Amino acid sequence: MQSPLSLLDRFIRLPDDFHTMKWDYSFQRSHATAQEILAQYASRDPERLYKPLGLSLYTCPDFQELKGMYVWVEDRPCVFIKADLPRSHRQLILAHELGHHLLHQDLLAGLKILQDHTFMDMASQPEIEANLFAADLLIPDQEFLDLAEAGNSLDQLAAFFGQPVGLVQAKASLLHWQGIPLRLPDRAAADFLLRV
């Protein structure tokens with residue numbers, strides 16, 4: 001049987017231990033967290049979730065390459081996001097940073113300052129988990145499955161959902177991990193979030 005992570009293998013540079021239980025845990029944790037949020041708040045709009053989840057959101061016109069970041073400021077969780085992002089990119093970045101808030105507070109709460117030239121390794125466990133969370137939050141399972149069953153490619157699915165192909169691949173990987181076999185053409189690069 002093909003590994004649940006085989007879709008990711010084709011487009012992401014993975015650490016040698018990616019097929020260990022640590023990564024199975026990442027899928028489980030990201031998926032469970034997204035499903036819990038969807039059940040509790042009945043919304044796929046990450047911006048609507050910020051206030052009830054205790055996040056402060058700030059728009060930054062000065063960001064150049066950086067699209068968004070999650071930091072703690074004076075013991076408050078905050079997300080700073082680039083001001084001029086298109087709506088679909090804004091939704092993705094907000095969902096990704098929300099994933100960090102829900103999944104990685106223990107790692108990031110001690111960081112008081114993060115300079116805007118600091119980028120996370122996009123193949124790191126926290127970044128993959130935040131991407132998996134964003135994919136699960138933003139892309140409904142049944143809609144995805146119906147469109148995939150109709151023979152749509154990853155590019156077509158990405159266009160339909162208004163998201164990068166990499167996020168669509170993350171959703172496909174989550175569904176595959178859940179035991180739903182998918183055959184989708186096309187592959188995207190792991191650093192898709194950096195190109196949004």
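Predicted model: local features only at pLDDT ≥ 70, side-chain atom pairs only at ≥ 80, totals over all residues.
Helix α6 has 14 residues. From its first C-alpha to its last, α6 reaches 20 Å. That is close to the 20 Å expected at 1.5 Å a residue. Now look at its surroundings. Of the 14 residues of α6, 14 are buried, so the helix is largely enclosed by the rest of the structure.

Which residue forms a salt bridge with D136? The partner is K171, and the closest N and O atoms are 2.7 Å apart. Is K171 buried or exposed? K171 counts as buried, because its relative accessibility is 0%. The contact does not stand alone. D136, D141 and K171 are linked in a network of salt bridges.

Move on to another salt bridge. The side chains of R90 and E47 meet at 2.9 Å, N to O. This pair also links distant parts of the chain. R90 is in helix α4, residues 87-103. E47 is in helix α3, residues 46-50. How accessible are they? R90 has 17% relative accessibility, so R90 counts as buried. The cut-off for buried is under 20%. E47 has 33% relative accessibility, so E47 counts as partly exposed.

Next comes the pair R48 and D45. Their side chains meet in a salt bridge of 3.9 Å, N to O. A salt bridge here needs the atoms within 4 Å, so this pair qualifies. Which of the two is exposed, and which is buried? R48 is exposed, with a relative accessible area of 63%. D45 counts as buried, at 18% relative accessibility. How many salt bridges does the model hold? The count comes to 5.

Finally, turn to the cysteines. How many disulfides are there? The count comes to 0. A disulfide would need a pair of cysteine sulfur atoms within 2.5 Å. Two cysteines can still be placed by their accessibility. C60 has 15% relative accessibility, so C60 counts as buried. C78 is buried as well, with a relative accessible area of 0%.

Technical notes
Residues numbered from 1 in each chain as written. Heavy atoms only, no water. Buried < 20%, exposed > 50% of the residue type's maximum accessible area, 1.4 Å probe, protein only. Helix = DSSP H or I, 4+ residues; strand = E, 2+ residues; numbered from the N terminus. Expected span 1.5 Å × (residues − 1).
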